[in-house]
Each structure stands twice: as C-alpha cells, then as structure tokens.
Amino acid sequence: MDDTRTRIIFATMKVVRQYGLEGARIQNVSNLAGISPGALYRYFESKDQLLIECFTYVDKRAASIFDHLKFEPQMMLTDPLGAIKNLWQPYFQFWVKHPDETIFYHRFRDSAFFPRFDKCRDASYFNSFAGMVHDFLEAFPNLRQMNQDLLWLHVLSSTVMYAKYVVEGVLTDNQETEDTVFQLLTTGLSGYLKLENC
C-alpha cells in the first residue's frame with residue numbers, strides 16, 4: 001500500500017480514537033497525516049469511504065492472523081478447547097497490541113452505518129478462518145445445533161470488546177485477564193465438542 005495512503009489510514013484511526021466516528025474531521029486527519037485536506041481527497045473521495053477503507057485494512061490484518069497459524073487437526077480431536085485457544089489467543093493479542101485499530105474497529109462495528117456496509121462487503125479474506133470453522137463442524141457435528149452466525153459473531157466481537165477494555169485500562173493486560181476472557185467466551189461450548197461416536 002502507498003505510504004501516504006497508509007499514513008492517512010493510521011491518522012484516521014488515531015483521530016477516531018480521540019474524537020469518535022462522528023467527531024472525526026478530515027482537517028484533523030490531514031493535519032495528523034502531514035498533508036493538506038485537498039491531497040487527502042486525492043486518495044479518498046469522502047469521509048465514509050475513508051472509514052470503510054480503514055475498517056477493511058484492519059479487518060484484513062486481523063484475518064491474516066489465521067493464514068499464518070498452524071492448525072493441528074489431531075489436537076482438535078484430543079483437546080478441542082486447547083485447539084480453539086491456540087487459534088483465539090493470537091487474535092486477542094493482535095487487538096491488545098494495536099490500541100488505535102482496536103478502538104476504531106469496535107466503534108465502526110458498533111455504528112449505525114455498519115449493518116448496511118456489512119451486508120454487501122466481501123469478507124473472503126477470512127477464508128482461512130472459515131476453513132478452520134468447517135473442520136470443527138465436521139469433527140463435532142453437535143456444534144451445528146448452535147446458530148453459527150450468532151456463535152462466531154459472539155466470539156469475534158466479544159474478543160475485540162474485551163481487548164478494547166484492556167487497551168483502555170479497564171482490564172489489566174496479563175495472563176489472568178486473557179484466561180478469564182477465553183473462559184467467558186467458551187463457556188457452554190464444551191457440551192457441543194463431543195465426537196459423534198462418543
């Protein structure tokens with residue numbers, strides 16, 4: 001990605017963190033990015049387009065975590081919650097380590113604008129994650145008894161929400177917090193993680 005474009009995206013996330021989505025102004029973003037508002041508009045047609053580009057940039061970075069994880073099918077069968085934790089932990093840690101991205105992402109997903117955008121967006125960059133979910137569903141058909149959209153929305157959105165609490169200082173950034181968040185997110189899953197022949 002072009003350096004100036006990236007600079008604008010990171011400046012936007014900082015501004016949104018400070019002023020919120022509604023309070024973010026192109027002038028604030030351009031000042032922080034070190035360019036004129038006119039130059040910014042050469043890269044992005046509008047504030048809405050800029051916010052969408054920021055969200056997509058962060059969403060793709062988060063999705064790429066799953067592209068690089070080593071997924072062990074054998075562990076999934078012998079220690080399913082351990083396998084889930086191995087996949088979830090790097091995702092949670094990504095958000096904790098990127099405060100501007102986390103607060104921006106949470107605010108954007110929580111906005112009135114997001115549901116309309118979500119209906120038409122291409123999230124194919126989450127294919128690696130979707131493949132892992134498919135493997136779990138194949139191994140543990142009982143999971144299909146749960147509403148899949150609700151389950152994964154709960155896990156992914158709640159992960160970002162708890163990471164936001166960490167970066168805002170509401171929760172302590174330590175192993176105990178991480179373990180507790182994981183337990184909260186997976187409570188109730190163990191009953192569904194049984195092999196069909198058990």
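In helix H2 (residues 26-33), the buried residues are Ile26, Val29, Ser30 and Ala33, where buried means under 20% relative accessible area, exposed over 50%, and partly exposed in between (1.4 Å probe, protein chains only). These four residues lie on the same side of H2, because they cover an arc of only 95 degrees around the axis, the arc being that of the directions from the helix axis to the C-beta atoms. The cover over the buried residues of H2 includes H1, helix H3 (37-43) and helix H4 (47-67); contact here means heavy atoms within 4.5 Å. Just after H2, Gly34 has a positive phi of about 75 degrees. The structure is a predicted model, in which local features need pLDDT of at least 70 and side-chain atom pairs count only at pLDDT 80 or more, while totals for chains, interfaces and linings use all residues. Residues are numbered from 1 along each chain as its sequence is written, and side-chain values use heavy atoms, with hydrogens and water left out.

The protein chain has 11 helices and zero strands. Helices (H or I, at least four residues) and strands (E, at least two) are DSSP runs, numbered from the N terminus. From that terminus on, the order of elements is α-α-α-α-α-α-α-α-α-α-α. Along the principal axes, the C-alpha atoms fill a box of roughly 65 × 35 × 30 Å. The protein chain comprises 198 residues, of which 43% count as buried. Of the contacts between residues at least 6 apart in sequence, 74% join residues at least 24 apart.

The accessible area of the protein chain is about 10700 Å², with carbon and sulfur atoms supplying 51% of it. Accessible areas come from the Shrake-Rupley method with a 1.4 Å probe, and for residues only the protein chains shown count as cover. The chain carries 20 positive and 24 negative charges, and their mean positions are 6 Å apart. In this count Lys and Arg are positive and Asp and Glu negative, with His and the chain ends not counted; the place of a charge is taken as NZ of Lys, CZ of Arg, CG of Asp or CD of Glu.

Three buried residues illustrate the packing of individual helices. Thr4 is found in helix H1 (residues 3-23) and is buried, at a relative accessible area of 19%. Not counting residues up to four places away in sequence, Thr4 touches Ile35 and Tyr43. Between Thr4 and Ile35, 31 residues apart in sequence, the C-alpha to C-alpha distance is 8.7 Å.

Val58 lies in helix H4, and its relative accessible area of 0% places it among the buried residues. Apart from neighbours within four places in sequence, Val58 is in contact with Met13, Trp95, Glu101 and Tyr105. Asn147, 89 residues from Val58 in sequence, is 26 Å away from it, C-alpha to C-alpha.

In helix H6 is found Phe92, a buried residue with a relative accessible area of 3%. Phe92 touches Thr159, Tyr162, Ala163, Val166, Glu178 and Val181, not counting residues up to four places away in sequence. Phe92 and Lys119 are 27 residues apart in sequence, and their C-alpha atoms are 25 Å apart in space.

Side chains of opposite charge can pair when their charged atoms come close. A salt bridge is taken as a side-chain nitrogen of Lys or Arg within 4 Å of a carboxyl oxygen of Asp or Glu, and by this rule the count comes to nine salt bridges. One of them joins Asp179 and Lys85, with the closest N and O atoms 2.7 Å apart. This pair links distant parts of the chain, Asp179 being in helix H11 (residues 175-186) and Lys85 in helix H6 (residues 80-97), 94 residues apart. Asp179 is partly exposed at 26% relative accessibility, and Lys85 is likewise partly exposed, at 21%.

Arg121 forms a salt bridge with Asp118, the closest N and O atoms being 2.6 Å apart; Asp118 is partly exposed at 32% relative accessibility. A further salt bridge brings together the side chains of Lys164 and Glu168 (3.1 Å, N to O). In this pair Lys164 counts as buried at 13% relative accessibility, whereas Glu168 is partly exposed at 38%. Lys14, Arg17 and Asp100 are linked in a network of salt bridges.
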